[in-house]
Amino acid sequence: MAQGTEKVTVKGVVGSGRALGRRLGFPTANIYGVEDIRAVDGVYAVRAQVPGEGVLRGMANLGRRPTVDGGERVLEIHFFDYGKDLYGLEVQVELCKFIRPEINFGGTDGLAAQLREDEKTVRDFFENQQTL
């Protein structure tokens with residue numbers, strides 16, 4: 001994805017992770033099998049079509065999670081103001097705006113602090129949108 005110029009949509013089934021996001025205050029819906037997604041690894045503002053819920057907004061990380069494990073490429077989505085279990089549901093996620101590249105924070109404290117900043121940035125992005 002040329003940062004911000006071309007929209008990318010990812011469709012996949014939500015799988016379980018290690019619940020690290022939940023422990024940091026940012027529970028995520030994880031979509032695996034995204035190795036071939038043509039988008040830059042990093043944090044995005046996202047919208048997702050969720051069965052039975054309509055369109056949800058949030059932020060997502062696409063990448064290998066260098067602070068956590070640096071392993072398999074995953075799309076991890078944190079939906080704002082939403083707490084229901086999505087395991088096993090197929091969701092369609094639109095990467096709306098590139099926020100920043102993936103970074104190794106050296107530990108979960110730095111990661112959690114950055115996630116709070118990312119949330120502010122993404123919420124501001126959606127609040128300033130004229131049409132969604």
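In which strand is E94 found? The answer is β6, which covers residues 90-101 (helices, H or I with at least four residues, and strands, E with at least two, are DSSP runs numbered from the N terminus). The model is a predicted one, so to speak of local features takes a pLDDT of at least 70 and side-chain atom pairs count only at pLDDT 80 or more, while totals for chains, interfaces and linings use all residues. Residues are numbered from 1 along each chain as its sequence is written, and side-chain values use heavy atoms, with hydrogens and water left out.

Back to E94: this residue is buried, at a relative accessible area of 19% (buried is under 20%, exposed is over 50% and partly exposed is in between, with a 1.4 Å probe and protein chains only). Setting aside residues up to four places away in sequence, E94 touches K7, V8, T9, A45, V46 and R47 (contact means heavy atoms within 4.5 Å).

A48 sits in strand β3, residues 42-50, and is buried too, with 1% relative accessibility. Beyond its neighbours within four places in sequence, A48 is in contact with G54, V55, L56, F79, Q92 and V93. The C-alpha atoms of A48 and G58 are separated by 8.2 Å, the two residues being 10 apart along the chain.

D81 lies in the loop between β5 and β6 and is exposed, at 70% relative accessibility. Its phi is near 55°, a positive value in a residue other than glycine.

Now for the pockets. On a 1 Å grid over the protein atoms alone, a pocket is an open set of points with protein on both sides within 12 Å along at least five of seven lines, and its lining residues have an atom within 4 Å of a point. Points are joined across faces, edges and corners, and the volume is the space filled by probe spheres set on them; the probe is 1.4 Å.

The largest pocket comes to about 530 Å³. Its lining has 32 residues, with G21, T28, R65, E76 and L111 nearest the centre. At least two lining residues come from each of α1 (20-23), β4 (54-63), β5 (74-79) and α2 (108-127). By class, the lining splits into 17 nonpolar, seven polar and eight charged residues (Ala, Val, Leu, Ile, Met, Phe, Trp, Tyr, Cys and Pro are nonpolar, Asp, Glu, Lys and Arg charged, and the others, Gly among them, polar).

The second largest pocket holds about 210 Å³. It is lined by 14 residues, and R22, P27, T28, K84 and D85 lie nearest its centre. β5 gives the most to this lining, three residues.
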